[in-house]
Amino acid sequence: MTSAILLTGGTGTLGRLVAPLLLASGAKLRILSRQPRDAGDALAEGAEYVAGDLTTGEGAAAAVAGADVIVHCAGTSKGDDVKTGHLVDAATAAGNAHLVYISVVGADRTPVVSGLDRAMFGYVAAKRASEEIVAGSGLPWTTLRATQFHELTLTTARAMARMPVLPAPSGFRIQPIAAAEVAERLAELALAAPAGMVAEMGGPRAYDMKELLRGYLKATGRRRPVLPMRMPGKAAAAFRAGANLTPDHAVGRQTWEEFLAAATAEG
């Protein structure tokens with residue numbers, strides 16, 4: 001039987017990779033977008049686009065109507081838990097859809113308790129709050145935690161490389177993974193039975209932040225000093241202890257070096 005699937009965040013880094021996989025399965029796909037889209041403007045050919053804003057909840061009820069599965073990829077630096085709450089409210093009112101959520105490794109191991117913690121790690125706290133909203137929704141659910149995407153690591157490196165000196169949080173390690181590999185797993189989970197909290201996904205190896213930044217500088221032919229900086233707070237201490245890593249689930253195939261070589265070759 002053909003599934004009706006709603007995808008949030010379908011125009012983002014992960015969502016735009018998930019969408020064609022869901023369409024290829026034969027699913028009837030609806031993508032929630034903050035802005036209305038014409039048929040010719042669609043990023044995923046064959047998908048229906050509906051307008052709505054999860055920040056306010058506007059349009060959420062119409063978007064979830066008739067959905068058998070909801071894949072929640074919409075994410076921003078702030079307010080993810082608010083968006084998830086509005087989506088869950090609409091979904092529970094509409095029926096019993098399978099809710100599939102993408103979270104981050106370490107969401108349950110990173111204490112965000114002070115104002116300083118929230119300023120630097122509010123995104124992680126919002127992800128953890130969203131996990132709890134999903135699990136407590138009464139809906140059938142599946143949550144996948146992944147480490148940081150190569151694509152987002154590259155965005156961070158590019159932004160930092162514009163500065164005369166690159167600050168690198170001392171003791172921080174990153175285990176980047178290809179977004180396409182996470183997309184494959186998320187689509188697989190969306191087409192399967194609800195599974196609760198599933199095994200995490202991490203990249204093939206972990207890198208010190210200094211190593212990542214210096215690798216980017218070398219690949220792009222730039223020279224900048226990299227200055228280690230010790231970040232204060234309990235959340236930062238958790239990251240230094242490896243809360244954001246998942247060495248037992250280093251299932252990613254593409255390395256950072258392979259991704260970076262391809263990305264820099266493309267300009």
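This is a predicted model: local features need pLDDT of at least 70, side-chain atom pairs count only at pLDDT 80 or more; totals for chains, interfaces and linings use all residues.

What follows is a short tour of salt bridges, a charged patch and a lysine.

Side chains of opposite charge can pair when their charged atoms come close. Across the whole structure, a search turns up 14 salt bridges.

One of them joins Glu200 to Arg109, with the closest N and O atoms 3.7 Å apart. These two are 91 residues apart: Glu200 sits in the loop between strands E9 and E10, and Arg109 in the loop between strand E5 and helix H4. Glu200 is buried at 13% relative accessibility, while Arg109 is partly exposed at 35%. Both belong to a network of salt bridges that also links Asp108, Arg128, Glu131, Glu132 and Arg145.

Glu184 and Arg253 also meet in a salt bridge, at 3.3 Å from N to O. Here helix H6 is linked to the loop between helices H8 and H9, with the partners 69 residues apart. Because its relative accessibility is 55%, Arg253 counts as exposed.

Helix H6 holds both Glu188 and Arg185, three residues apart, or about one turn of the helix. Their salt bridge has its closest N and O atoms 2.4 Å apart.

On the surface, Arg158, Arg162, Arg222 and Arg224 form a patch of positive charge. Arg162 lies in the loop between helix H5 and strand E7 and is exposed at 66% relative accessibility.

## A buried lysine

Among the residues Lys127 touches are Asp80, Tyr101 and Ser103.

Conventions
Residues are numbered from 1 along each chain as its sequence is written. Side-chain values use heavy atoms; hydrogens and water are left out. Contact means heavy atoms within 4.5 Å. Patches are made of residues with over 30% relative accessible area and no salt bridge: like charges are joined within 9 Å, nonpolar side chains (Val, Leu, Ile, Met, Phe, Trp, Tyr) within 5 Å. Accessible areas come from the Shrake-Rupley method with a 1.4 Å probe; for residues, only the protein chains shown count as cover. A salt bridge is a side-chain nitrogen of Lys or Arg within 4 Å of a carboxyl oxygen of Asp or Glu. Lys and Arg count as positive and Asp and Glu as negative; His and the chain ends are not counted. The place of a charge is taken as NZ of Lys, CZ of Arg, CG of Asp or CD of Glu. Helices (H or I, at least four residues) and strands (E, at least two) are DSSP runs, numbered from the N terminus. Buried means under 20% relative accessible area, exposed over 50%, partly exposed in between (1.4 Å probe, protein chains only). Lists of a residue's contacts leave out its neighbours within four places in sequence.
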